[in-house]
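Please read them with the structure open.

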2 protein chains.
Amino acid sequence: MARFLDACYRRPTDVTPVWFMRQAGRYQPEYRALREKYDLLTLLRTPELAVQVTLLPKPLGVDALILFADILLPLVPLGLGLRFVPGKGPVLEHPLRTLDDIARLRPFPIEEGLGFVLDTVRGVRAVEPDLPLIGFAGAPFTLASYAIEGGGSRHYQRTKTLLYRHPDAWTRLMDVLTEVTSAYLRAQVQAGAQAVQVFDSWVGALSPEVYRRAVLPHLQRLFASLADLGVPRIYFSTGTAGWLADLRTLDAEVISIDWRIDLDRAWEQVGGPARVAIQGNLDPLALFAPPEVLAQEVRAVLRRAGGRPGHIFNLGHGILPETDPDQVRRVVDWVHQFDGYTQ
Amino acid sequence: MARFLDACYRRPTDVTPVWFMRQAGRYQPEYRALREKYDLLTLLRTPELAVQVTLLPKPLGVDALILFADILLPLVPLGLGLRFVPGKGPVLEHPLRTLDDIARLRPFPIEEGLGFVLDTVRGVRAVEPDLPLIGFAGAPFTLASYAIEGGGSRHYQRTKTLLYRHPDAWTRLMDVLTEVTSAYLRAQVQAGAQAVQVFDSWVGALSPEVYRRAVLPHLQRLFASLADLGVPRIYFSTGTAGWLADLRTLDAEVISIDWRIDLDRAWEQVGGPARVAIQGNLDPLALFAPPEVLAQEVRAVLRRAGGRPGHIFNLGHGILPETDPDQVRRVVDWVHQFDGYTQ
């Protein structure tokens, strides 16, 4: 059952492995039942509950589990204060608004600030013998954008303004976040995570020039710092179809792409099947299509992967809350049954 | 002073022409003064006022004017009801929520439903002898997404659900919007507009497969229907870096791109300088950088264009309201003074 790990290393597998971003979440009745009893932060911070949620997607037949956590958790020990506001999403109570705010940031001991996440990792590994567990963290840019904007954003006006006007403060902020993220992922692997994914969900707001100058060097350092852990490292980003070729410089086993580019084209740009594995890339909204249309969309992704070793089927972003769980189950079955790789 | 029109047809120009999306708008004190006296819909619907607003950017030294209008105006005679809610943006009072809503849609006579826009075009042409006037309209997908969602959207869940579940209704909706958009742009040109731009601001939410199947054929028809007008046709989209090569099939003189891809790379993908002109592509947020950094960003775009005929300098999307007008003025000057096309 190490189908997922084999694919990360581009080793042949019996069938294409599949898992889903946000595969444990609000689209599941079991999850919603838990959320009626506990608020989100309680679920995230209580290892017994977070273990339970992490395991929820297992009956779907997925080939990997992903830790139930939130990319913003490291901002709490950094002193930014995190609340989840119903209908609005995450809100940081003390966003970074001055250069002093940035100067004051200090990395923290992971076991102290985020020990509950590590306990969740250990808890899942203790009860789940078969499915590999993926740990994860937010990428430095995406964390920085939340830390600066104080929540979600449309234009990333404060973030980009800082980046353009105060490059030194920007570098310091990225340095701290890179250091924290590296230590956090290292601790997750030491606790038992068998792969790690770095989520750069909002980096597609940048231009390729700015990405190369102000983001990529930090990512290169982050990925290099994880090389000795001996687990697959996955870089996920959205909106980056214009500069996928730049991701070749990342020392990552897997590049995870969104749905805004054909998978075969993206795979070539990031280095091709001889160099790197690819993860993706069904539009999460395809799960709202009738089953026969969904089947076509799933097959289209698989055909573009062409059955070459190193494809992990996933969505281009997370499952939406209104998704029908039966549709998710169907996708797993179709991926596992598919054998029509030639057009 | 037909620098802009020459560049649209890839004829050599003395300097690179430049204009800005939303160059007449809230970032200008003169515009804000008008908005204190009139609400947005009144400004849009009163030709004398809309003419005045259209002309506001002239002192900046831009090489073209764009009609002051809103892409959603055609949804009013289509019966959807349009309000602008401060702090929230456009809201449609009667969004398309059933198949019957779509079946009932009927194209309308442009002079009847949108005569005030045509009067604005005539008014600008009557007083402005030098600067070419660009007319515009929303692209069918982008209009459809507003019509279905009832306003802005994050995931386009209703739009994509309709598209996946009811392809016939989707086709009918796109047919009506294509017909209306074609007639509307034709009327603008007949009233005096010297170029037209089609804004597909949100089409980047799709996958390339769905774009090819459910959007591109309608765009092809739209652009072909405008060929006999003898004015440059510009297609603008954002988030489409993954499938720019597909835009080669559009019969358009100019492709306008966002900032999420290097301009030279995008130009090659859409057909290259021998086949099509390119418009763009500075990140609107670069206008928040200190002047010396902004100057570097402007030069980087111009160097990628390489001084080849057929580049129109613009942003990758509209000017944001908080932009300093002096920064906009600087960009115009730098573009006009630039002669460092070789690296």
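1. A:Leu82 stands opposite A:Leu92 in β3(A). A:Val85 faces A:Gly89 of β3(A). Strand β2 (residues 82-85) of chain A is joined to β3(A) by four bridges, and the two run antiparallel. Three residues lie between the strands of this hairpin, and A:Gly87 takes a positive phi near 80° there. Strands here are DSSP runs of E with at least two residues, and helices are runs of H or I with at least four, numbered from the N terminus. Two strands pair if DSSP finds at least two bridges between them.

2. On the source: this is a predicted model, in which local features need pLDDT of at least 70, side-chain atom pairs count only at pLDDT 80 or more, and totals for chains, interfaces and linings use all residues. Residues are numbered from 1 along each chain as its sequence is written, while chains are lettered from A and ligands numbered from 1 in the order in which they are written.

3. Now the sheet. In chain A, seven strands form an open sheet with parallel pairing, in the order β1-β4-β5-β6-β7-β8-β9. Its edge strands are β1 (65-66) and β9 (311-315) of chain A, each pairing on one side only. Two bridges join β1(A) to β4 (residues 133-138) of chain A, and these strands run parallel. A:Ile66 has A:Ile134 as its bridge partner in β4(A). Strands of a sheet pair through backbone hydrogen bonds, either parallel or antiparallel.

4. Which residues have the most contacts inside the largest nonpolar core? They are A:Ile134 and B:Ile134, in a core of 230 residues. Such a core is a set of buried Ala, Val, Leu, Ile, Met, Phe, Trp, Tyr and Cys residues joined through C-beta atoms within 7 Å. Buried means 20 or more other C-beta atoms within 10 Å of the residue's own, exposed means 12 or fewer, and partly exposed is in between; C-beta atoms are placed from the backbone. A:Ile134 touches A:Ala64, A:Leu65, A:Ile66, A:Leu67, A:Ala193, A:Ala195, A:Val196 and A:Gln197, leaving aside residues up to four places away in sequence. Contact means C-beta atoms, placed from the backbone, within 7 Å.

5. Helix α9 (residues 167-191) of chain A lies across β4 and β5 (195-200) of chain A, at about 165° to β4(A). Axes are lines fitted to C-alpha atoms, for helices over the stretch in contact, and angles run from 0 to 180 degrees between N-to-C directions. Helix α7 (residues 140-149) of chain A has nine of its 10 residues buried, so it is largely enclosed by the rest of the structure. Among the buried ones are A:Phe141 and A:Tyr146. The buried residues of α7(A) pack against β3 (89-92), β4, α8, α9, β5 and α11 (216-225) of chain A. A:Gly150 follows α7(A) and has a positive phi, near 90°.

6. Is A:Gln23 buried or exposed? A:Gln23 is buried, because 25 other C-beta atoms lie within 10 Å. Its place is in the loop between α1 (3-8) and α2 (29-37) of chain A. A:Gln23 touches A:Pro57, A:Val62, A:Ile66 and A:Ile319, not counting residues up to four places away in sequence. The C-alpha atoms of A:Gln23 and A:Leu320 are separated by 9.5 Å, though the residues are 297 apart along the chain.

7. Finally, the pair of chains. Chain A can be laid on chain B with an RMSD of 0.0 Å, by a turn of 180° and a shift of 0.0 Å along the axis. The two copies are thus related as by a two-fold rotation axis. Superposition is by least squares on the C-alpha atoms of residues with pLDDT of at least 70 in both. A:Ala241 comes closest to the axis of the residues of chain A, at 2.8 Å (C-alpha).

8. At the interface, 27 residues of chain A are in contact with 28 residues of chain B. The largest share of chain A's side, five residues, comes from α8(A).

How values were computed
Two residues are in contact if their C-beta atoms, placed from the backbone, lie within 7 Å.
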